[in-house]
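The following report describes selected local features of one protein chain. Please consult the sequence and the structure shown below while reading.

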Amino acid sequence: MSDRDGSLQLTGTMSGDTGGMGKAGIAAVAAGLLVMLGAACGGGISPMLFMLAGPGLIVAGALAYILPHHLRRSASAQNNGVMFSGATTRGAIAWGLGVAITGFYVLLYWWPQTLAGLIRMFDPLSMRLRGIPADHWFMYGAFYTLAVLVMGARALLKYRHNRYQIIRTLSVIFFQLVFAFLIPATLQLFKQPEFYFTYFWPLKPYYLFPDGVKSLEMAGGLGPFMIRWAVMMTFVATPVLTYFFGKRWYCSWVCGCGGLAETAGDPYRQLASTSLRSWKIERWMIYSVLLFITITTALLWINSAAQGALLGGASRGFADVYGFLIGGIFSGVVGVGFYPIMGARVWCRFGCPMAAVLGIIQKYYSRFRITTNGGQCISCGNCSTYCEMGIDVRWYAQRGENIIRASCVGCGVCANVCPRGVLSLENGPMEGRYNGAQFVGTAEVIIPALNGEPERTRQLRYID
Amino acid sequence: MPTVSASITDFDIMDHVVIIGNGVAGITAARHIRKLSDRPITVISAETDHFFSRTALMYIYMGQLTYEGTKPYEDDFWPKNRIALVRGRVERLETERRRLTLGDGSEIEYGSLIIATGSRPNMFGWPGETLEGVQGLYSIQDLESMERWTAGITRAVVVGGGLIGIEMAEMLYARGIGVTFLVRERNYWDTILPPEESLMVERHIRSHGIDLRTATELREILSDAEGRARAVVTTRGEEIPCGFVGLTVGVSPNIGVVSGSAVECNRGVLVDEYFRTSIPGVYAIGDCAEFRDPRADHPAIEQLWYTAKMHGETVARTICGIPARYARGVWFNSAKFFDIEYQTYGYVWSRLRETEETLYWEHPDGRKAIRINYSKMDGRLLGMNLLGIRYRQDVCRKWVEEGADIGTVLGNLSEANFDPEFHRRYEAEVVRLYNERNPGGAVVVKRKGMLARFFS
């Protein structure tokens, strides 16, 4: 349709251009990047100054740039221009950003020493929180949390008209900041094992690997409690909570991967493919990963029970392969690096074994569904376009069917962007949830006298 | 170039169903004929290769959706379902030979023909209505032309205060183009909306900086030296400079395809309740069809998305040998005025009838309202209007259909609420308002316990 070339635009030529505040914001981001460059090259000035000036300028600048943009737009105008901007439609900026983030992950995972200058920048923060100097994982955690905070502020503004979105966004910010950053750091300060209470097997498989359990056992202190927590969350909390709320209690409210996707990844939701082909690939991949991690875990325990006699080092090798392929390349490099190209839920949709487990429960044994409001759907496609999981929501909505898909994370954005208020996330009785409102109205259809039979009347249900 | 995605050969020509128009009516008919039979189906469109959602045109212009995103089905859906798609304009219809001739001279023979050609924007012969930069908004070509004529302009005028008018105003507003909105009525859409709702929408339109002028009509459009619109003159004699004029004064059935044929027309193609026209084997559905004998309080021409779907599904049955008479059922509709969603169920007339009583509640923020109309005589629910609040169609339809008593409706009003979780609910306030006015017959709302609510 549109022949505009928006590949270098950040916001599209919609009402109101980047104002003075936005320009100052971009300038501050640039200055912050320069400071970080200095830090990375081993600038030699105090790390504290670098930390405040580098990330500080970037955060302040990003907020100054992003917030007015969303603040001056009303609820239904928030996605105006998304399809005109190269940044959000795989334009030059998007590819550049994708390569930069992917590259950062490659360095982080395999050549962290190249980031030494940046890591030193976080020493003051790490010393204060953990009592030890920063390492590359601490630096990563700090950046990650900052991204969730800044882009979380953006999401709060963008969705300020929708209380479900506000509360959900506050939830992911809280769980990232407190449970995935401050608590693990504090645990280290008190010489306890570094433990993430919001990650469970199979997303964090190590917690239920023999080695993981053993190391928690040996650590003493809170270690035994952590083992019980890990077992309880995987085997009790996961099925029970998913029965009541669907997988959203985790994927779009608690999980850190989800937290980043819902905040930093929000500008990219329209990039998830809704094609039938991608759905097929998704099913093959995600259940293969689940199978892989389940077999790995089983092998490790069998081997451990047999004191290594059975498999020797083979099962350990299985676990290492999983760690490299799935934990490293998939969840990190591809999962986040490809945000600007494939959308923010690549890992959650194609790879996460936790999502696979939750999805199976959601599909077959849960009270959660997205209800379609009768025959009001006008097939516009906003729901499908902005579904970060690539679910073709419209396919169901336009035939008046409820939407119950294993991959749905319950973010609620389909309901938010629908211009006719057709969709609503609900928990209710399992009975009848698959065919909640299967008509676009009812009409009395009269079957006329035919072949000697008298005229009959019958309710015709318009299905789609 | 015609796009044929499935070859049509080797069949009895009398089985061949040809549908003119790939909008929602025609496509729904095609899909349901395929569900019910193996008959060869051909859909002809002059507009696009594939079915897209016309209602989403505005979102393409505003940059929320791509054209691809407005297609409800993937492109290979059609060959998979053996529905042949032909791109072309029908130039001639010969009903006695059951034959169509397309613009490129090719001919298509049919056994059954469904005319589903939709609407076209009304023009009332205003001076200057054919100038460049003056147009309606209905087709994808209209959108392309709007894209072209609004590029780089700073002011536009939209004429006509219906649903397309306000959509066009929102589109232009989204592009940072100043809009003057001329509305003939005393208040916006007050032929449909009761005064309170109409005024609320008016306030909301103005809050976006739209220059809304009610009780004002278009007198003429002025041209610049190049034959392009440069200003409009209103019936009040004001001249308003602008680079673009949107004419959104309703649509009429697009029946050019049957002109010169034997098919009988009035404003639309005349049909009975089976969508049969005056010629055997020829049917008409959707916006272009006009009922010969519409039921009481039913419009003769239904121009809605959902009615088009119902028409398509009904005619598919008739064509496949299970004749079905169309009866729409309880009226409903929904729209959106900038940020305010609107839903209506049953009948809420713009002016209250003598036999009707109304209960109108409005939120102090002036952006949410609930109206419930019921019969003075027996308290039977007649209809509801919702602004800024979503209600459940299923529940409202059932109440209207059964003629539920106002007491029952109010006592169970929270069941009808469809707003997202954690949103504030206003049903209690509506009931309080009713009870204040009817101290004798106060409604008591039974509350469910916490646990019961959790498990229900």
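In which loop is the place of Ile301(B)? In this predicted model, Ile301(B) lies in the loop between β20 (289–291) and α7 (305–319) of chain B.

**The surroundings of Ile301(B)**

Buried residues have under 20% relative accessible area. Ile301(B) counts as buried because its relative accessibility is 10%. When neighbours within four places in sequence are left aside, Ile301(B) is in contact with Pro253(B), Arg267(B), Asp287(B), Ala289(B) and Glu290(B). Thr314(B) is 13 residues away from Ile301(B) in sequence, and the C-alpha atoms of the two residues are 16 Å apart in space.

**Strand β11 and its parallel partners**

Strand β11 of chain B comprises residues 178–182, and four of these five residues are buried, so the strand is largely enclosed by the rest of the structure. Strand β10 (residues 155–159) of chain B pairs with β11(B) in the parallel sense, over five bridges. Within this pairing, Gly178(B) of β11(B) has Arg155(B) standing opposite.

**An antiparallel sheet**

Elsewhere in the description stands an open sheet of three strands in chain B, with the order β4-β5-β6 and antiparallel pairing. Its edge strands, each of which pairs on one side only, are β4 (90–94) and β6 (107–109) of chain B. From one strand to the next, the twist averages 20°. Strand β5 (residues 99–102) of chain B is joined to β6(B) by three bridges, and these two strands run antiparallel. Arg99(B) has Glu109(B), in β6(B), as its bridge partner.

**Strand pairings in summary**

The pairings for which bridges are given above are set out in the table.

| Strands | Sense | Bridges |
|---|---|---|
| β10(B) and β11(B) | parallel | five bridges |
| β5(B) and β6(B) | antiparallel | three bridges |

Note on methods:
Residues are numbered from 1 along each chain as its sequence is written. Chains are lettered from A and ligands numbered from 1 in the order in which they are written. This is a predicted model: local features need pLDDT of at least 70, side-chain atom pairs count only at pLDDT 80 or more; totals for chains, interfaces and linings use all residues. Side-chain values use heavy atoms; hydrogens and water are left out. Buried means under 20% relative accessible area, exposed over 50%, partly exposed in between (1.4 Å probe, protein chains only). Helices (H or I, at least four residues) and strands (E, at least two) are DSSP runs, numbered from the N terminus. Two strands pair if DSSP finds at least two bridges between them. Axes are lines fitted to C-alpha atoms, for helices over the stretch in contact, and angles run from 0 to 180 degrees between N-to-C directions. Contact means heavy atoms within 4.5 Å.
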